Amino acid sequence: MKETSCKDCGLLISIEEFDMTHQYSCPRCHSVFYRPGESFDLVLVMALSAFLFFIPTLFLPIMTLTIMGQAHSVTLLEAVLFFFHDGYYVIAIIASSVGVFIPLLMLFLIMMLIIPAKIGRPISRLKSFFRYYEHLAPWSMAEVYLISIFVAIVKLAGMATLKLDAGLVLFVFFLLSYYVTVTWFNAEDLWNHYDEMED
């Protein structure tokens, strides 16, 4: 038997035979309190794919500006540094944190939760990773960084000739892989996984 509570109305719910592959709704407010995630293997593959898409974006230019015949390419890191050089410290910190560093940390934590679970490590060693993941999840807004790039593109379009480069394409693929990973990963499945191991 599994006992849980509805996150919306707080009703305590007991499920006689819990099935990780089924979706469950609260009998009182009808909100979904459990939605099964994808298998750990699929989540892990997608998380690794996101990392592989991200690494080249650090070194490849995301766009090339041409002003009066002078071309200048900008990488992802250089774009952040430009904000610092221009004195927009708060914007630089927020954009780089919620748009890049927190998503990367989230992917790392997902892998640090799944890999030990798959090889049977005790769940007590995963609790700190789980807490960090839960705290960081609301701050993960990778689209903020992409939006800031597109805002810059729109503003610069009338001032210079812009050419979008491979780094931007790979960054978009990184974002897509990241969102698929966090959508597929249900942290509650970890506890269900260990409950099944104990049974």
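The sulfur of Cys9 is 3.6 Å from the closest cysteine sulfur, that of Cys26, which is too far for a bond. A disulfide here is a pair of cysteine sulfur atoms within 2.5 Å. The whole structure holds 0 disulfides. The model is predicted: local features need pLDDT of at least 70, side-chain atom pairs count only at pLDDT 80 or more, and totals for chains, interfaces and linings use all residues. Residues are numbered from 1 along each chain as its sequence is written, and side-chain values use heavy atoms, with hydrogens and water left out.

**Cysteines**

- Cys26 is in no disulfide, and its nearest cysteine sulfur belongs to Cys9, 3.6 Å away.
- Cys26 is buried, because its relative accessible area is 1%. Buried means under 20% relative accessible area, exposed over 50%, and partly exposed in between (1.4 Å probe, protein chains only).
- Cys9 has a relative accessible area of 28%, so Cys9 is partly exposed.

**Confidence and overall make-up**

- The chain has a mean pLDDT of 80, and 88% of its residues reach 70 or more. pLDDT is the predictor's confidence in each residue, from 0 to 100.
- Confidence is lowest in helix α5 (residues 143-157), at a mean of 66. It is highest in helix α1 (residues 40-57), at 91.
- The chain has 7 helices and 7 strands. Helices (H or I, at least four residues) and strands (E, at least two) are DSSP runs, numbered from the N terminus.
- From the N terminus on, the order is β-β-β-β-α-β-β-α-α-α-α-β-α-α.
- Of the 199 residues in the chain, 37% are buried.
- Among contacts in the chain with a separation of 6 or more, 62% join residues 24 or more positions apart. Contact means heavy atoms within 4.5 Å.

- Strand β1 (residues 2-5) pairs with β2 in the antiparallel sense over 4 bridges. Two strands pair if DSSP finds at least two bridges between them.
- Lys2 has Ile15 of β2 as its bridge partner.
- The hairpin has 6 residues between the strands, and Gly10 takes a positive phi near 80°.
- Side chains alternate along β2 (residues 12-15).

**His30**

- His30 lies in the loop between β3 (24-25) and β4 (32-34).
- His30 is not a glycine, yet has a positive phi of about 65°.
- His30 counts as exposed, because its relative accessibility is 61%.

**The three-stranded sheet**

- An open sheet is formed by 3 strands in the order β6-β5-β7, with antiparallel pairing.
- β6 and β7 (161-164) stand at the edges with a single partner strand each, so one side of each has no neighbour in the sheet.
- Neighbouring strands of this sheet are turned by 20° against each other on average, direction ignored.
- Strand β5 (residues 61-67) pairs with β6 in the antiparallel sense over 6 bridges. Pro61 stands opposite Thr75 in β6.
- Thr75 lies in β6 (residues 70-75). Its relative accessibility is 12%, so Thr75 counts as buried.
- Leaving out residues up to four places away in sequence, Thr75 touches Leu58, Phe59, Leu60, Pro61 and Ile62.

**Helices on the sheet**

- Helix α2 (residues 76-85) packs on the sheet, touching β5 and β6. Its direction makes about 100° with that of β6. Axes are lines fitted to C-alpha atoms, for helices over the stretch in contact, and angles run from 0 to 180 degrees between N-to-C directions.
- Glu78 is found in α2. Glu78 is partly exposed, because its relative accessible area is 31%.
- Glu78 and Leu58 are 20 residues apart in sequence, and their C-alpha atoms are 9.1 Å apart in space.
- Helix α6 lies across β5 and β7, running at about 145° to β5.
- The 19 residues of α6 (residues 166-184) should span 27 Å at 1.5 Å a residue, and the end C-alpha atoms are 27 Å apart, which agrees. The expected span of a helix is 1.5 Å times one less than its number of residues.
- Buried residues of α6 include Leu170, Phe171, Phe174, Leu175 and Tyr178. An α-helix has 3.6 residues a turn, so residues three or four places apart point the same way.
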